[in-house]
Amino acid sequence: MEIVVCVKRVPDTSEADVVITGKDIKKDDLAFEINEWDNYAVEEAVQIKEKLGGNITVISVGDEEAKEVIRRGLAMGGDTGIRIDHPALAGSDSMAIAKTLAAAIKDIDYDLVLTGAQAGDLGAGIVPVALAEMLGVPHATLAVGLDIEDGKAKVKRELEGGLMEVLEMDLPAVVGVQTGINEPRYVSIMGIRKASKKEIKLLDISDLGLLPKDVGEEGSLTVIEELSVPPVTKVAEILEGDPAEAASKLAEIMKEKGVL
Amino acid sequence: MAEIFVLAEHREGELREITFEMLGAAKYLGKDMGATVTAVLLGHDVDTYAEKLGSYADTVLVVDDPKLDYFNAEIYQKVLSKLISDKNPVVTLIGHTAFGMDLAPALAVELGLPLATDCIGLEVDGGKLFVTRQIYSGKVNAKVSLKGDQYMVTIRSAAFPVEEGTLSGEIVKEAVAIEDVPYRKFIGYEEAPAGEVDITQADYIIGIGRAIGDPENIPMVEELAEALGGVLACSRPVVDKNWLPKDRQVGSSGKIVKPKLYLALGISGAFQHVAGMKDSGLIVAINKDPKAPIFNVADYGIVNDLFKIVPVLKEKITELKG
Amino acid sequence: MDFELNEEQKDIANAAREFAQGEFDKDYAMECDQEHKFPRELVKKAGQLGFIGVHYEEEYGGAGLGALENTLIVEEMCRVDSTLGICMALPDFGCEIIKWCGTEEQKKKYLPKVCSGEWISAGIFTEPDHGSDITEMSTTAVKDGDEWVINGTKTFITNGEIADFGVILVQTDPDANPKYRGMSTIIVEKDCWEAADVGPKMGIRSTSTAELSFSDARVPLENLIGVENKGFYQVLEFFDESRIEIAAQALGTAEAAYDRVMDYIKQRELHGRKLASFQITQHKIADMATKIEAAKLLVYKSAWNYDKERKIDPVLTSMAKWFAARTAVEVADEAIQLFGGYGYITDYEVERIYRDAKICEIYEGTREVQKNTIASGVIGKF
């Protein structure tokens, strides 16, 4: 099995104060990490490789810092890394990123491409499905189960309301991975030692046959014009005081509202 | 006259709510753009759906074929790309659902259309379409422009209200030849294994989030649930970590609940979770982060560590219940 | 000069932090603290992932890395939780003596099991009558045929009750003058001693500290580590390395208090203002941040220096250990002040961190002993 996993380095904004500056947010004080969905994708790739053998390429579009998440993927069990970087990539929308990834992946003799179903920063959920179309192979996204057998991928997709769709498709294919599909392992010291000896190839967009106008804002069909703080439609009445006071107020309210 | 396409979504004998939400959004968009609204319905034996959709759209475009009985992204893509190429709708709206996410990006690539996903707002300015979508864990709204004059947009569930259906749209059947699709085969639906508790039937629900930290902390919250006479539910990360079974998950990919009381413990309030509990009677949130979006959904909130509140709250409740 | 960690070092710190954040649970830490419980399973997990003993060679189960990488792991683990973190750092305690002076057989037998988290070792040095002064030992080892016969009592032995084996410092030549020229180190296994817990401690209550008594304990002659009667020097050199680890513990513990108080001051409101907006808070935080940064530079430098061809500089390691330990105590103390009454309650963690911090000024040489070392290095003998 020749597996390609796409990973992205994203800021962790789940518990952080987010400050808007121009068309992006201030990122200096934010911790960065591998996109949570991508982490599950890497684990899935490693589990498939452990079962069926093969080779894993970890690929990311990003600056020098993106090497960190590629190395992380290599430490978890990836074999080689590819980083695609070029100043013209700034301002690319998800489609332009998919285009860039497709240009790199088409030269690999892959059986399976795994990506996160979406990313924690922009949350577009475009890359896996767009990438498959660009590569001309079948796809399934929001996978919560994946079995590879006899050149086919059997995928369980998560639908709304606790239902799953079971489908089968031919390889090569692209699968967008939903969280919870597996239990991602911790990075081990042995993994890090091995990763430090693995190659991370650096590719420019020209190596992929792309021009600066194909990517970035110029090569994107959607453009972020303006950011704003979401308007607050409703604000909870905050019960103040130490835990005992606050809990006591809450219990009283619950009684008053007839839910006790 | 220009047309707006709205892709009707249905599953297991039912038109899904998102369809009507999109049709509501399309009505206003149509006014701003000078366009009519066309509900696009792909399926098999779907006359009843078509009739229902007629109240919400100017036209219902139906492609009826056994191959469209189940959603299959590949087949849907082929039919839709043919319809869109033929009719050139100015905007195509698709739900940002498991169904739409699996379809829209490929369709947009095939047709070379700009695609904005998971949108919560649509506006027209100078004849151009702008959408609003949320980024960075819902903490920022982004206004996004789409290039060109034909667009594709996926719409977040519950972002637009359902309007009353007052139209009597014309039902138009369209035959599209569907060749065999070699790649992808629908096998079936699978229900997540059912547990002993049906949270959708509960009057009192305590929802726990990632902040519960460890499965060993769950018994403490269970005690509170018992004191309330309620059941334990959770947000997605708790299920992802296998701390509670899937059938306890509240949210768009879990269950939709409407209890008398929803007590959110350490739940940040991602929209996917909120979609599953926002219609509860009384919503109370306990969270350490005063900026957690859950406080914009809750009626009452306590900004504190859930572990500090839960034991005392349990006592107070037991006390008051006598 | 280059103050940057390399990529591998950053990855190691990240991996240790992710592990600790994923596995260390606050309630479990409180339970270990209150019930004097050692987190055995967590240690095994950490060992399997390679977080224990990265500074041992790969052939003996380590990662062939240095004191700096070990420092980063210990710092990150203690930063996430000072009580559980230190338990991940101490399982190999004393094994560096085997690493530097042991035979191939000894290294092969003991080191891999320690690095994998299966076995726990103890450094059995301190005696009831001599404290931090190891120039004299009452515990003796006498040759009898092909065995050593060991008698005596050791106290304040870290891991005493849970260790599978340990390295003991004993008097092997009672007539040596000065006495320390007649000491040796010997490997002893757990059936050699009777252990008794020293009783409840102020901090690091998740670790075991015991008194060990040896009564005609017999071990094979080949358990001697390195050259007979050179034990004092071996242990002295060992302390030079282990001091760095304790300095790393202190650094991480200081950061643990700092992280908690930073969260608190940004949330807590007083008279309608965030605590963080008061100048007195800001000055306290400025002090803490500066001390932590200074401690970090000292600790990293001493580890870096040690890794450069194992260059031993007792003055530098003592400075690092003394200063980082003082920083941990001071930062935790100020953190409690900022929390006010809540800081005194176990739930808010800083009181536990404060108690955990204090040991860094006591064990592996008190801060007074560190100052002796520094002074004799910079002034010379007077």
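This is a predicted model: local features need pLDDT of at least 70, side-chain atom pairs count only at pLDDT 80 or more; totals for chains, interfaces and linings use all residues.
Chain B is built from nine helices and 17 strands, and its C-alpha atoms fill a box of roughly 65 × 45 × 35 Å when taken along the principal axes. Of the 322 residues in this chain, 55% count as buried. Where contacts in chain B link residues at least 6 apart in sequence, 63% of them join residues that are at least 24 apart.

Chain B also meets chain A, with 75 residues of chain B in contact with 73 residues of chain A. The side of chain B that touches chain A is made up, by class, of 37 nonpolar, 16 polar and 22 charged residues.

In chain C, the domain assignment gives domain 1 (7-115), domain 2 (121-231) and domain 3 (233-378). The C-alpha centres of domain 1 and domain 3 of chain C lie 20 Å apart, and 23 residues of domain 1 of chain C are in contact with 26 residues of domain 3 of chain C. On the domain 1 side of this contact in chain C, the helices α2 (26-35), α4 (67-80), α5 (82-89) and α6 (95-101) each supply at least two residues, and α4(C) gives the most, with ten residues. By class, the side of domain 1 of chain C that touches domain 3 of chain C has ten nonpolar, six polar and seven charged residues.

Helix α9 of chain C spans residues 279-307, and its 29 residues reach 42 Å from the first C-alpha to the last, close to the 42 Å expected at 1.5 Å a residue. The buried residues of α9(C) include C:Met288, C:Lys291, C:Ile292, C:Ala295, C:Leu298, C:Val299, C:Ser302 and C:Tyr306. An α-helix has 3.6 residues a turn, so residues three or four places apart point the same way. Just after α9(C), C:Glu309 takes a positive phi of about 50°.

Note on methods: Residues are numbered from 1 along each chain as its sequence is written. Chains are lettered from A and ligands numbered from 1 in the order in which they are written. Domain bounds come from an automatic or database domain assignment. Two residues are in contact if their C-beta atoms, placed from the backbone, lie within 7 Å. Helices (H or I, at least four residues) and strands (E, at least two) are DSSP runs, numbered from the N terminus. Ala, Val, Leu, Ile, Met, Phe, Trp, Tyr, Cys and Pro count as nonpolar, Asp, Glu, Lys and Arg as charged, and the others, Gly among them, as polar. A residue is buried if 20 or more other C-beta atoms lie within 10 Å of its own, exposed if 12 or fewer, and partly exposed in between; C-beta atoms are placed from the backbone. The expected span of a helix is 1.5 Å times one less than its number of residues.
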